[in-house]
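Work through the exercises below with the structure open. Each task is followed by a solution in steps.

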Amino acid sequence: MNCEKFRDIILTDYLDGNISMERKIEVQEHLKQCFECRELEAATRKTAVEPFNLADKVVVPESLWQNIKADIEQEQYQVVGNPFAGLLGRLKNLIIFPKPAFALASATAIIIAAVIITRFNFVNQESAINDYLEEQVNSLAYLEEDGGVYSDTGYLDLGTGIEEFLL
Amino acid sequence: MQDIGEDIIIRASEGDVGSFEKIYRAYSGFVYNVSLRIARSHRDAEEVTQNVFLILYRKLKSFRFRSSLKTWIYRIAVNLAINHAKKVSKERDRVVEYDDSIGIEPSRDVIGENLDREQKEKTIARLLGALNPDQRACIVLRNINGLSYEEIAQTLNININTVRTRLKRARERLLTLRREVMADEL
């Protein structure tokens, strides 16, 4: 194994203890012989590992729970006080909305169809097609590119990319 | 972080505030601290923490016990903190505010220790501030929260080799920062 490979291991698995005993011994033998790798290991440990090991735990302000509790109780009050609250949400759950990927595919098909129609002059109503396309794009404007969700607190990206909807 | 029984989770999902408070007490420490380290200010950490638990309250009914509640909360907290940090990433020179009104454990009223603690926190803040949010999250989860590579990969929903790559690049960045600081001092 050359220095470049040892370097990668030193910067990650070796310093984090995420390494087999056999590989650890191999690295330690290399460190005995290689001044640069020895310097790298010492500098990385001192600069990028040890300072974080000493991080203190910060106490959570009690006011935070009071704010959350107030929000929760407010939501409960709204639901209890209004029998129709949440009805729209429940109705939405009963209706299947297209997933973003499906809607994106639909939009693509619409555009391709429009191009074919105008190119082959099947229907000589270009302005009508443009209006239709604009209407479809606007109706799809609610979709997010990266599969996030909307909540009352705003847009929340839970790290679900569009590719996950295609899997 | 204490374990929460299934009965408490079910009662909380049915709207029992007392049960939900038990969940909050069990996990708020982790959520707040990881948010603070990733989002880099107490104000942002409070906002992220509040959003995490409001989402949790609303989504708890859909929790199917396929993974542990702790893992689920980890994922929500870290991802929200990363997204929040990315939105404010233009403010690169922000330093974690050391606020005496927010205690740091363990607390002893010794002036020398408090100064050391303040300096240590500023150093950590400066180091984390040099990283992008994705790298920062990996360093925080690994070096401060002690998660394994597998746990980090599950929390961030990324490949384990991506964890390695981000840790490597983060540490290379910190080494570069160290060389720049030493060069400035000469």
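**Exercise 1. Chain A in outline**

Solution. 
- Step 1. Chain A holds eight helices and three strands.
- Step 2. Take the contacts in chain A with a separation of 6 or more: residues 24 or more positions apart account for 37% of them.

**Exercise 2. A helix pair in chain A**

Task: Describe how helix H2 and helix H3 of chain A cross, and list the residues that meet.

Solution. 
- Step 1. Two numbers describe a packed pair of helices: the angle between the axes and the distance between them.
- Step 2. For H2 (residues 21–33) and H3 (residues 35–53) of chain A, the axes come within 6 Å and the crossing angle is roughly 115°.
- Step 3. The range for roughly perpendicular is 65 to 115 degrees, so H2(A) counts as roughly perpendicular to H3(A).
- Step 4. The handedness of this H2(A)–H3(A) crossing is left.
- Step 5. On H2(A), the residues are A:His30, A:Leu31, A:Lys32 and A:Gln33; they meet A:Phe35, A:Cys37, A:Arg38 and A:Glu41 on H3(A).

**Exercise 3. Chain B and its confidence**

Solution. 
- Step 1. Of its 186 residues, 49% are buried.
- Step 2. Among contacts in chain B with a separation of 6 or more, 66% link residues 24 or more positions apart.
- Step 3. The mean pLDDT of chain B is 84, with 82% of residues at 70 or more.
- Step 4. Where pLDDT is low, predicted coordinates should not be read in detail.
- Step 5. For the model, ipTM is 0.77 and pTM is 0.67.

**Exercise 4. The nonpolar cores**

Task: Name the residues that touch the most other members of the largest nonpolar core.

Solution. 
- Step 1. This core has 65 residues; B:Phe20, B:Ile23, B:Ile38, B:Phe53, B:Leu56, B:Leu60 and B:Leu69 touch the most other members.
- Step 2. The most residues, 12, come from helix H2 (residues 17–39) of chain B.
- Step 3. Beyond four places in sequence, B:Phe20 touches residues of chain A, namely A:Trp65, A:Ile68 and A:Ile72, and of chain B, including B:Ala12, B:Phe53 and B:Leu60.
- Step 4. Another core of 12 residues lies apart from the largest one; A:Ile9, A:Tyr14, A:Leu40 and A:Ala43 are among its members.

**Exercise 5. B:Phe63**

Task: Is B:Phe63 buried or exposed? Locate this residue and its contacts.

Solution. 
- Step 1. B:Phe63 sits in the loop between helix H3 (42–59) and H4 of chain B.
- Step 2. The relative accessibility of B:Phe63 is 9%. The cut-off is under 20%, so B:Phe63 is buried.
- Step 3. Outside four places in sequence, B:Phe63 contacts B:Ile9, B:Ser68, B:Leu69 and B:Trp72.
- Step 4. From B:Phe63 to B:Ser13 is 50 residues in sequence, but 8.7 Å between C-alpha atoms.

Definitions and conventions:
Residues are numbered from 1 along each chain as its sequence is written. Chains are lettered from A and ligands numbered from 1 in the order in which they are written. This is a predicted model: local features need pLDDT of at least 70, side-chain atom pairs count only at pLDDT 80 or more; totals for chains, interfaces and linings use all residues. Side-chain values use heavy atoms; hydrogens and water are left out. pLDDT is the predictor's confidence in each residue, from 0 to 100. A nonpolar core is a set of buried Ala, Val, Leu, Ile, Met, Phe, Trp, Tyr and Cys residues joined through side-chain atoms within 4.5 Å. Buried means under 20% relative accessible area, exposed over 50%, partly exposed in between (1.4 Å probe, protein chains only). Helices (H or I, at least four residues) and strands (E, at least two) are DSSP runs, numbered from the N terminus. Contact means heavy atoms within 4.5 Å. Axes are lines fitted to C-alpha atoms, for helices over the stretch in contact, and angles run from 0 to 180 degrees between N-to-C directions. Angles under 35 degrees count as roughly parallel, over 145 as roughly antiparallel, 65 to 115 as roughly perpendicular and the rest as oblique. A crossing is left-handed if the near helix is turned anticlockwise from the far one by less than a right angle, and right-handed if clockwise.
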